[in-house]
Amino acid sequence: MEKFNRVFKGYDPVEVNSFLDKVIMQVEAMVDDMKKKDKEIESLKTTLSGYNNLVNQYNLLKQKYDQQSNMEQTLRRAIIMAEKTSEQIKLTATQERDIILSDAKKNADRIINEALSRSELIEKDADNLKRNVIVFKRKLKDALQTQLDLVDDIEKIEL
């Protein structure tokens, strides 16, 4: 706790004002840090929204793939002589689709989990900062109240 030198009629105003300036700077720094964390959370939410758009695009491509697969089956029935070739193409396309789907799902899950983890960490940091500011304010109020009580006690003694 900061101690102030006594001068005529109380504490040295320069020291008290200097102490208050330090306190104000620390509180402003904490508030700025919280604002930065909030911006970072918003940025991560925007990134997550972009990933959700990619998942939607993926679903549209899957639907188009399914439509193409249906057309392929219709053509296969019409062209009996190319049946073996079309079966091989279908098997290869299915294997590639499964590999692509599996890779896309893994990547999407990984990206989403990383974004959620970062978001949770940032939210925890923001909560800790908020708690620290509340504790700091409470301690500052207590210190100021103690100082005011001392001033009141000094005034009572002089009377």
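I started with R118, whose side chain makes a salt bridge with E114, the closest N and O atoms lying 3.9 Å apart. For my own reference, a salt bridge here is a side-chain nitrogen of Lys or Arg within 4 Å of a carboxyl oxygen of Asp or Glu. Side chains of opposite charge can pair when their charged atoms come close.

I noted the ground rules next. This is a predicted model in which local features need pLDDT of at least 70 and side-chain atom pairs count only at pLDDT 80 or more, while totals for chains, interfaces and linings use all residues. Residues are numbered from 1 along each chain as its sequence is written, and side-chain values use heavy atoms, with hydrogens and water left out.

**Entry: the overall layout**

I looked up the elements and found 2 helices and 2 strands in the protein chain. Read from the N terminus, their order is β-β-α-α. Both kinds of element are DSSP runs numbered from the N terminus (helices are H or I with at least four residues, strands are E with at least two).

Of the 159 residues, 13% count as buried. Buried means under 20% relative accessible area, exposed means over 50%, and partly exposed is in between (1.4 Å probe, protein chains only).

R118 and E114 are 4 residues apart in helix α2, so about one helical turn separates them.

**Entry: a pair in helix α1**

K62 pairs with D66, with the closest N and O atoms 3.6 Å apart. These two are 4 residues apart in helix α1, so they sit about one helical turn from each other. K62 is partly exposed at 34%, and D66 is partly exposed at 31%.

**Entry: distances across and along**

I wanted to see how sequence and space compare. R97, in helix α2, is 35 residues from K62 along the chain, and their C-alpha atoms are separated by 9.0 Å. R97 is partly exposed, with a relative accessible area of 27%.

E40 belongs to helix α1 and is partly exposed at 40%. It is 77 residues from S117 in sequence and 13 Å from S117 in space, C-alpha to C-alpha.

Two more pairs went into the notebook. E28 lies in helix α1 (residues 13–78) and is partly exposed at 47%; between E28 and Y51 I noted 23 residues in sequence and 35 Å in space, C-alpha to C-alpha. D103 lies in helix α2 and is partly exposed at 39%; D103 and A126 are 23 residues apart in sequence and 34 Å apart in space, C-alpha to C-alpha.

**Entry: a negative patch**

Which residues form the negative surface patch? They are D149, D152, D153 and E155. D149 is found in helix α2 (residues 83–158) and is partly exposed at 36%.

I jotted down how such a patch is drawn: its residues have over 30% relative accessible area and no salt bridge, with like charges joined within 9 Å and nonpolar side chains (Val, Leu, Ile, Met, Phe, Trp, Tyr) within 5 Å. Asp and Glu count as negative and Lys and Arg as positive, while His and the chain ends are not counted. Each charge is placed at NZ of Lys, CZ of Arg, CG of Asp or CD of Glu. Accessible areas come from the Shrake-Rupley method with a 1.4 Å probe, and for residues only the protein chains shown count as cover.
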